Every structure is written in C-alpha cells, then in structure tokens.
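Please read it alongside the sequence and the coordinates.

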Amino acid sequence: MPFAFRNQPLKGLYSTYQVLTTVFLRLPWWILCSLPRSWRPRQSWDLKRAIMVRLIRHSIHATAQTGPFVIKTPNYLAIEPDVGEYGVWVEPVPELVNAEFEVFARAVSVEPIRVPGYWMHKRGSDIKVASPPVPGEKVLYRLHGGGYTRCSAHPSDPTAKMSLDLVEFTDTLHRAFAVEYRLSSTEPFPIAGQFPAALFDALAGYNYLVNVVGFSPSDIVVLGDSAGGNLAQALTRYLVENQNSIDHLPGPPGGLVLVSPWCDMSGSHVAPGSAVYLYKDIDILVFADADSYSEKAFLGSHGYEAAVSNKYISPSCKSLPVSFKGFPRIFIIAGGVELLLDQIRTIKARMIEDLGEGDGLREGEGKVRYVEEPDAVHDYPVFNWHEPEKSRTLKEVAEWVDGAAS
C-alpha cells in the first residue's frame, strides 16, 4: 500500500529503519555485487555509478511509503531566509490567462498567486539581484523536475547545480532564475496544485524576467528537467499559441532546453519491448507507485482524459496530433537507458518534422539538437557522479547557447 508510513511515529521509525539497513546491509551488498563489472547493470558503468543508481532507486521506493517529502523542502508559501537577497516575490499575472485555461483552472479551483523565485549568479559575479541585463547577456530560466510532486526552485535543491554548472560553461549566461511553482498532491494527502497551477506560476516567472527585470524574450533560455521539461514545453506552447491574442503577453523564448522531459502521461509508450520494460531495473526511475501518484496528483479531477487529449500535458501521446510550429531552437537531452526514452524520441521526431522546412529533416535537425548518451540514466546532467556524460553534455549545451544569434 503506497504511503503506508506517512504518519508519525511510523514515518520516523520506517525512515530510521531504511537508513540503518541501507548503511549496514544494502550498501555492503550492493558493493559486493558490483565489484565484477559483468554484474553491474551496465558494464560501462564504474563502481560509483552502479552504487549511486541503486541508492537513488531505493530512496524513491522508500519515499513512496512515507510520502513525497521525507525531508521538509522549501515551497511556494515563503522565501527561504538563508538565500538572503537572492530570493524575490513573483507577482501573478491573471490578465495573461486565456479563456481556455480559465476553464481548466475553475474545474480544480486553481488561480494565479504570488510565488517565490530564486536567482543564482555565476561564481565571482558582481551582478546585483534583478538588475537589468547588460548588452549581449542571456538568462537561464530554470523549471525544476520532481514529477510535479517533489524538489524545489531553491538553490540548495539537488537539481539546481545543473543550472549553475551550465552558467559556468557559457559566456552569455551570467545568471539563472527559478520560480517556486506549486507542487501537486492528492489523497491520502491534501489535494493541491493540480494542472494548470504550475503553468500559471511558470508564466508569472517568465513575465517577471521580461517585464520587471527587462530581458528580451529572445535572450531567455528556458531549461526544464523531467517534469520541469514538461512544464517548459507547456510554457513555450502557451507563449507561441497566444502571442497574437493576449495583450502584453511576452513572446516565446530564444531557446528551449529539455532534459529527460516527461512528455507523455497517457501511457501510450508503455508496451512490451518498450524502454519502460527494457530499463526498469537499470534507470533511477521506479515505474511503480511513485509515478502513478505523480500523475494522479498533477491531473487531479481532470483525470486520465486530460492525459490523452491535452497537448500541454502529453505532447508525445501517440494518438494525439500535436504541432510544434512556431517553437524556438530546442536542445533535447536523453539518457540511453531511461524509462522515458521512447516518449522523448517521439517528441524529438515531432519537433524535427514541424520545425524543418523545404526538404524537412536536415533543417529541422539544425533547429532541434538532440543528445542521447547510450549508458546514461534519467536526468543524468543533474548528477556529479555521472561523468563524463554530464560535463560533455552541458558543454555542448553551452556552445549551443553561446552560438545562437542574439
């Protein structure tokens, strides 16, 4: 039964049991089983990677019993004080919400609200928080992953370092901004943050960068990993499709980076022989209760019907016709042994088809850059231990960002 140990004192006892048994039993066993290279999930993996993947998989499994959050993380209700001046409030933009999304929102009692945002600056930078951009400067707009139910925009979150590393690799990016969008939850927890809450918050953060800080949309690079990749493409789609119908709506960004994007909640890519089954014992993702909870929490009362019919939610759904015409340059990153691989390949193919002209694929491939590291897991650029793939990929993204015309 999922979340069987969500309440105290069972939660504390179960968490303590998991920590102790992992340190004194599982970890030694994992090391022993990984010593022969032929016993590792992938023979190309070093010992550290083999251990870390097992550790993360087990952590995901354990938190499926205690709830989405074992350790309290920052949320949209307050700016964490230890960030100091790097935390700002982002005001809602209800005037930028179209009629279609007003209907979606009313169905789940969601509305635009004020949320925190966090800046991260390149090391050694003397840029003041929220200062106007200098000529030639671009900004990275980060939308974090976590299945819409976990993680945070806060700089202390494990997903944040990828953005800071990318900023360090580039010449034109000097800072990154992340918005603390509302997370989703459902029974046995309070129901909250259903679609389109996160999109409203992402839109507010984007508007903040353009109309408060002063960045041109063409100088914004939107980066999203996993569920953040889903949100990044949804935000871009909203900006593309409504740019001529909503007054004062900022234009689309200059670039879009999707890292292991979660782009199909319909299940259309789940079939015998698919990545979900091929890599179910290899990837860090666990195709079990944690995933189904995330879908149910995010979809809420919209239900499964929204997953198979809404292009903002499942742009890779096989039965759903989706167009990406009008999208900016795109860089897609996938791990070769991740559960989401098939749906990522689908969205890549659709983007190439729609963004190409004339003889199609050749120009499309110039506008859609795709990197698939053969032995990499889901969201691998987040992890410092996933080398050399992490640095190699982020350097490619940095060259792609710096090489774009201003």
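In this predicted model, strand E5 (residues 220-225) runs parallel to strand E6 and is joined to E6 by five bridges, with aspartate 225 finding its bridge partner in valine 259 of E6. Between E5 and E6 the chain passes through helix H6 (residues 227-241), and this β-α-β crossover is right-handed. Strand E6 also pairs with strand E7 (residues 329-335), again in the parallel sense and over five bridges; here leucine 258 has isoleucine 332 of E7 as its bridge partner.

In a regular strand, side chains alternate between the two faces of the sheet. For E6 (residues 255-259), five of five residues are buried, with Gly255, Val257 and Val259 on one side and Leu256 and Leu258 on the other.

The count of salt bridges comes to 13, among them the following.

| Aspartate 375 | Arginine 42 | 2.8 Å |

Aspartate 375 lies in the loop between strand E8 (368-373) and helix H12 (389-403), while arginine 42 lies in the loop between helices H1 (10-34) and H2 (47-66), so their pair ties together parts that are 333 residues apart in sequence. Aspartate 375 counts as buried at 18% relative accessibility, whereas arginine 42, at 26%, counts as partly exposed.

Glutamate 373 lies in strand E8 and arginine 392 in helix H12, so this pair ties together parts 19 residues apart in sequence. Glutamate 373 is buried, with a relative accessible area of 8%, and arginine 392 is partly exposed, with 38%.

Technical notes. Residues are numbered from 1 along each chain as its sequence is written. This is a predicted model: local features need pLDDT of at least 70, side-chain atom pairs count only at pLDDT 80 or more; totals for chains, interfaces and linings use all residues. Side-chain values use heavy atoms; hydrogens and water are left out. Buried means under 20% relative accessible area, exposed over 50%, partly exposed in between (1.4 Å probe, protein chains only). Helices (H or I, at least four residues) and strands (E, at least two) are DSSP runs, numbered from the N terminus. Two strands pair if DSSP finds at least two bridges between them. A crossover is right-handed if, with the strands pointing away from the viewer, the path from the first strand over the helix to the second runs clockwise. A salt bridge is a side-chain nitrogen of Lys or Arg within 4 Å of a carboxyl oxygen of Asp or Glu.
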